[in-house]
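Subject: Structure handover

Hello,

Here is the structure I promised to pass on. Please open it first, then read my notes below.

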Amino acid sequence: FRFNFRVGFRHPEVPVIGKLFLPRLAGSSVYQLNIFVDTVFGSLTSIVGEGAVAALYFANRLIQFPTALFGVAMATVSLPAMSRLAAERDMSSLKKMLSFSLSSVFGLLIPSGIGLLVLAEPIVRVLFQRGEFDAYSTGLTALALAFYSLGLFAYSGARITSACFFALHDTVTPLKVAILSLVLNLVMNLILMRPLGVGGLALATTLSASLNFFMLIFLLRRRIGSLGLRYATRKLPAIFLLSLVMGAACRLSLMLGERSLDEKMNLLIALAVGFITFALPAWIGKLLDFKKPVNQNTNKIANGT
């Protein structure tokens with residue numbers, strides 16, 4: 001068998017793939033530009049303090065863990081399912097898949113975000129504080145992590161909603177929204193960096209990510225009509241309240257064990273208390289529903305999700 005690239009590039013679908021691929025490639029570069037902008041502002045030590053660039057990097061690594069574990073994973077597996085439904089023009093099932101994906105991710109990321117917000121400092125201290133990474137570095141990184149955690153739902157929600165646009169063969173709209181979010185991030189960095197320091201840079205990223213997500217939802221609704229997101233949002237108030245209770249339980253556990261336990265053990269116990277506080281009532285109250293939606297007539301949706 002021999003590859004024949006000359007014949008392959010003359011295939012009629014190659015230009016179609018190119019038109020879809022190039023805007024998506026540019027959209028990925030906008031994300032890198034966002035990181036570059038934050039790095040530039042973080043280097044202004046006279047305003048945000050020493051070590052801001054490193055603090056943003058370490059905090060971003062911690063935020064990327066739940067984002068990759070839940071948001072990126074769901075966006076990856078939902079894209080082929082939504083693409084198939086879009087190709088079959090089954091908009092009703094496509095909307096159900098989008099709603100299911102958002103509901104599943106939000107049910108996991110809302111408590112994750114509140115957990116990171118409440119436990120930011122002990123998590124950073126246990127993971128990183130040694131050698132040149134001192135108490136000052138821990139405080140700076142924990143501040144950035146706390147503000148990043150507020151946008152955890154938006155980072156993953158935007159990825160899933162973008163996947164729905166990709167399924168509809170529209171890679172330009174997510175690119176335009178990403179550029180608008182980049183501009184907002186730049187402006188908010190200028191506004192927030194002086195009063196909040198490195199926390200202002202992280203908050204600017206959170207606000208721009210939230211704009212990205214809500215703008216994508218708005219534009220998708222204009223394109224294909226009502227998205228039927230009631231399924232995705234009907235349990236969110238209860239999940240949010242339960243997450244607040246979980247956060248309070250984590251904090252109380254830390255305070256009770258602060259004097260008598262090793263710091264690592266104290267953090268592990270607090271994490272276990274938080275998990276039980278959230279997971280048990282959520283399971284009893286059926287707040288987390290991971291059963292994929294199925295079209296009863298055709299059984300089309302999403303093998304593997």
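Is D170 buried or exposed? D170 is buried, because its relative accessible area is 10%, under the 20% cut-off. Bear in mind throughout that this is a predicted model.

**Salt bridges**

D170 has a charged partner. R223 forms a salt bridge with D170, and their closest N and O atoms are 2.8 Å apart. R223 sits in helix 10, whereas D170 sits in the loop between helix 8 and helix 9, so the pair ties together parts 53 residues apart in sequence. R223 itself is partly exposed, at 44% relative accessibility.

The search of the whole structure finds 3 salt bridges. Another one pairs E121 with R125, with the closest N and O atoms 3.1 Å apart. Both residues belong to helix 6 (residues 120-128); they are 4 residues apart, so about one helical turn separates them. E121 is partly exposed at 42% relative accessibility. R125 is also partly exposed, at 24%.

R125 forms a salt bridge with E263 too, and here the closest N and O atoms are 2.3 Å apart. E263 is partly exposed, with a relative accessible area of 35%. Through shared partners, salt bridges join E121, R125 and E263 into one network.

Helix 8 covers residues 152-167. At 1.5 Å a residue, its 16 residues should span 22 Å; the end C-alpha atoms are 23 Å apart, which agrees. Of those 16 residues, 14 are buried, so helix 8 is largely enclosed by the rest of the structure.

H169 follows helix 8. H169 is found in the loop between helix 8 and helix 9. Its phi is positive, near 60°, and the residue is not glycine. H169 counts as exposed, because its relative accessibility is 56%, over the 50% cut-off.

R89 also has a positive phi near 60° without being glycine. R89 lies in the loop between helix 4 and helix 5 (91-118). R89 is exposed, with a relative accessible area of 73%. Why look at such residues? Because most residues other than glycine have a negative phi.

**The nonpolar core**

How many residues has the largest nonpolar core? The answer is 81. M82, L98, L145, Y148 and L220 have the most contacts inside it. Helix 4 (residues 52-87) gives the most to this core, with 13 residues.

Take M82 as an example. Setting aside neighbours within four places in sequence, M82 is in contact with L94, M97, L98, I160, A163, C164 and A167. In soluble globular proteins, nonpolar side chains tend to be buried together.

**Helix 9 and the surface**

There is a nonpolar patch on the surface too. I179, V183, L186, V187, L190 and I191 form it, with about 500 Å² of accessible area together. V183 lies in helix 9 (residues 172-196). V183 is partly exposed, at 44% relative accessible area.

P195 is found in helix 9 as well. P195 is exposed, with a relative accessible area of 59%. P195 and V48 are 147 residues apart in sequence, and their C-alpha atoms are 9.0 Å apart in space.

**Two serines in helix 10**

S208 is found in helix 10. S208 is buried, with a relative accessible area of 3%. Leaving aside neighbours within four places in sequence, S208 is in contact with S181, L184 and N185.

S210 lies in helix 10 (residues 198-224). S210 is buried, with a relative accessible area of 14%. Beyond neighbours within four places in sequence, S210 is in contact with F153 and A154.

**Helix 13**

A282 is found in helix 13 (residues 263-284). A282 counts as buried at 3% relative accessibility. Leaving aside neighbours within four places in sequence, A282 is in contact with L242, L287 and L288. A282 and P12 are 270 residues apart in sequence and 51 Å apart in space, C-alpha to C-alpha.

Best wishes

Key
Residues numbered from 1 in each chain as written. Predicted model: local features only at pLDDT ≥ 70, side-chain atom pairs only at ≥ 80, totals over all residues. Heavy atoms only, no water. Buried < 20%, exposed > 50% of the residue type's maximum accessible area, 1.4 Å probe, protein only. Contact = heavy atoms within 4.5 Å. Expected span 1.5 Å × (residues − 1). Patch = residues over 30% accessible without salt bridge, like charges linked within 9 Å, V, L, I, M, F, W, Y side chains within 5 Å. Areas by Shrake-Rupley, 256 points an atom, 1.4 Å probe, with all protein chains shown as cover. Salt bridge = Lys/Arg side-chain N within 4 Å of Asp/Glu carboxyl O. Core = buried A, V, L, I, M, F, W, Y, C linked by side-chain atoms within 4.5 Å.
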